[in-house]
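Please read them with the structure open beside you.

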Amino acid sequence: MKNKKAVIHWDILLIAFLVSIGIIFFSGTLTSNVPKVGQYSISMTQAFEKNSNIPLIAATLMKQISRNSISNISSDVFQLSNCKNYINYKLLNSENEICFNKNLEGDFKAIFDKKYIEFQSKKLKDFDLDFSNTKYDFSINKENEKFFLNGKTENRFEIPINLIEDKGKTGKQIGKMFIKPSFNIPIGFNFDEYENLAESIKDTINDCEGEDNPDKGKCVSDNLNKDGFELQECETGEEKEFYGFLEYFDNCANSIGISCVCPNRPQEGTFSINQVNDGIEINGRKIEIENANLARDLKIKPGQFLYKDAYGEISVTNKEEGDICTIRAKTKFRFCVKSNKNQYYAYDEDAQKIVFKDLVYKFALQFSK
Amino acid sequence: MFNKRGGVAIEEFRGALTYIFVFAIVVLFFYGCNISNIKKNKETFEFSKDSLLAVKTLNSFIETPVGEEERVADTIVESYLNNDYSEFENAAKNHFSDIEIDWRLVVYSKKGYLLYDSYGYLAQTAYYTQLLAKSSIRIPVQEKEPELLNIILEIREKQNKNEK
């Protein structure tokens with residue numbers, strides 16, 4: 001007999017319930033790409049925070065390039081001047097005003113730029129910042145007696161912002177940010193001092209000029225040993241020997257007389273002298289010396305002398321006998337002036353560390369008499 | 001068979017009980033999943049929070065001024081060039097002494113050589129507490145040979161002082 005009452009079909013209800021659960025699960029998979037609340041903001045904050053150090057990293061890099069450039073300039077501040085060379089020293093004189101470098105800041109910027117381009121060309125593997133397309137406009141500013149290098153760029157780093165998923169895994173890109181790596185860094189070099197020294201040198205040449213001042217070295221010393229400068233010995237024993245011989249060679253080449261032996265040969269050292277296309281080389285180093293004509297390639301040993309033949313060409317002789325050439329009065333002097341106010345920070349290859357180095361200005365002065 | 005007194009049939013209770021049972025299991029399953037999700041979300045949130053803390057802490061550390069014109073980022077480069085990390089270590093100790101986290105700073109070269117480890121070069125990994133998050137910064141070196149220093153800050157679970 002059939003039950004007349006309405007019957008609840010629990011089995012159907014159960015199946016319907018399970019189907020609904022299935023639908024919920026299915027819909028769950030459909031909406032799984034919707035990010036959790038706060039995921040975007042956390043991802044963006046992380047990206048901003050993580051990349052906020054880019055200007056600092058750029059500044060740290062530029063400080064190194066600047067230190068390198070300053071080291072380059074400071075090793076010989078006058079190297080880029082237009083002055084003539086006197087045995088590897090720049091020869092300064094009061095007549096040739098133009099030879100004093102008026103734009104040391106410009107030279108620094110040029111060296112910095114060159115070194116920056118070198119850095120750009122050597123791409124560092126794994127370095128996530130690509131500077132290869134970043135071009136800077138460099139300017140030097142002076143604030144509170146200190147010099148700063150300012151680098152402005154319109155080129156931006158494009159940095160993707162990715163969704164941060166579970167345990168820091170990077171998800172899909174949700175945007176991008178742009179950072180211009182401009183910088184302003186201290187240079188650690190006083191460009192004014194160079195200009196002050198250049199003025200002092202000009203005054204010194206004028207003061208020490210003439211026969212009233214026979215002791216040029218003392219006169220120069222009295223004039224330059226002030227205002228934060230100090231004359232000092234800066235050549236090593238080897239350099240002294242080399243430059244001493246160059247001076248002897250220069251004196252000989254420009255001496256008065258022919259078919260004569262050049263006197264006052266420094267006793268140390270063996271030197272090879274070779275004629276090359278546009279000058280001479282002594283011990284493999286190209287040297288600018290006026291009137292230096294060789295009879296042939298030479299090798300001079302201790303105890304030997306230079307000889308100037310009838311054609312004014314120089315050769316080697318073993319004895320200081322016969323006619324002696326007349327050496328002209330010395331008008332060119334080499335000097336090293338140490339700054340007592342400025343030092344610069346540089347990487348020392350020998351010490352293999354960064355050290356403060358004395359700033360030493362090397363130059364030669366020429367007097368007319 | 002029907003209840004003679006006009007009550008509900010016993011077979012109908014069996015269906016209802018099965019339904020209630022399955023319903024309870026499913027609800028419990030969902031509840032469990034939800035708890036697991038909450039836990040996972042909490043872990044993710046904690047991880048994001050710790051990651052952000054690691055990033056912020058490392059950034060603020062390398063930006064810390066050292067002397068008049070230098071920052072810790074410059075000190076790292078100099079330490080590498082001088083092969084002496086004492087100044088860097090002092091800067092790190094000063095900076096992190098006020099921060100309530102257990103930290104570890106490591107510097108690697110681009111080839112992966114360990115250059116500095118604030119735990120010491122011979123630290124036993126077995127004694128490390130659990131890593132919560134880490135952040136890294138790469139700084140190029142232009143002097144000497146070109147190098148890329150990888151500075152990593154790890155934030156670890158606070159060590160029990162009694163264990164130290």
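The points below go from the contact between the chains to one pair of helices and then to a sheet.

1. Please keep in mind throughout that this is a predicted model. In it, 38 residues of chain B are in contact with 38 residues of chain A.

2. On the side of chain B that touches chain A, the elements α1 (10–62), α2 and β5 (131–141) of chain B each supply at least two residues, and α1(B) gives the most, with 18 residues. By residue type, this side of chain B divides into 18 nonpolar, nine polar and eleven charged.

3. One helix pair spans the two chains: helix α3 (residues 54–75) of chain A packs with helix α2 (residues 72–82) of chain B at an angle of about 45 degrees, their axes lying 9 Å apart. Angles of 65 to 115 degrees count as roughly perpendicular and those under 35 degrees as roughly parallel, and α3(A) and α2(B) are therefore oblique to each other. The crossing in which α3(A) passes α2(B) is right-handed.

4. In this contact, A:Leu56, A:Thr60, A:Lys63 and A:Gln64 of α3(A) meet B:Ala73, B:Asp74 and B:Val77 of α2(B); the residues of the contact comprise three nonpolar, two polar and two charged.

5. Chain A also holds an open sheet of three strands, in the order β9-β14-β15 and with antiparallel pairing. Its edge strands are β9 (260–261) and β15 (314–317), each of which pairs on one side only. Between β9(A) and strand β14 (residues 305–308) of chain A, the antiparallel pairing runs over two bridges, and A:Val261 stands opposite A:Tyr307 in β14(A).

Note on methods. Residues numbered from 1 in each chain as written. Chains lettered and ligands numbered in written order. Predicted model: local features only at pLDDT ≥ 70, side-chain atom pairs only at ≥ 80, totals over all residues. Axes fitted to C-alpha atoms, helices over the stretch in contact; angles between N-to-C directions. Helix = DSSP H or I, 4+ residues; strand = E, 2+ residues; numbered from the N terminus. Parallel < 35°, antiparallel > 145°, perpendicular 65-115°, else oblique. Left-handed = near helix turned anticlockwise from the far one by under 90°. Contact = placed C-beta atoms within 7 Å. Nonpolar A, V, L, I, M, F, W, Y, C, P; charged D, E, K, R; others polar. Pairing = 2+ DSSP bridges.
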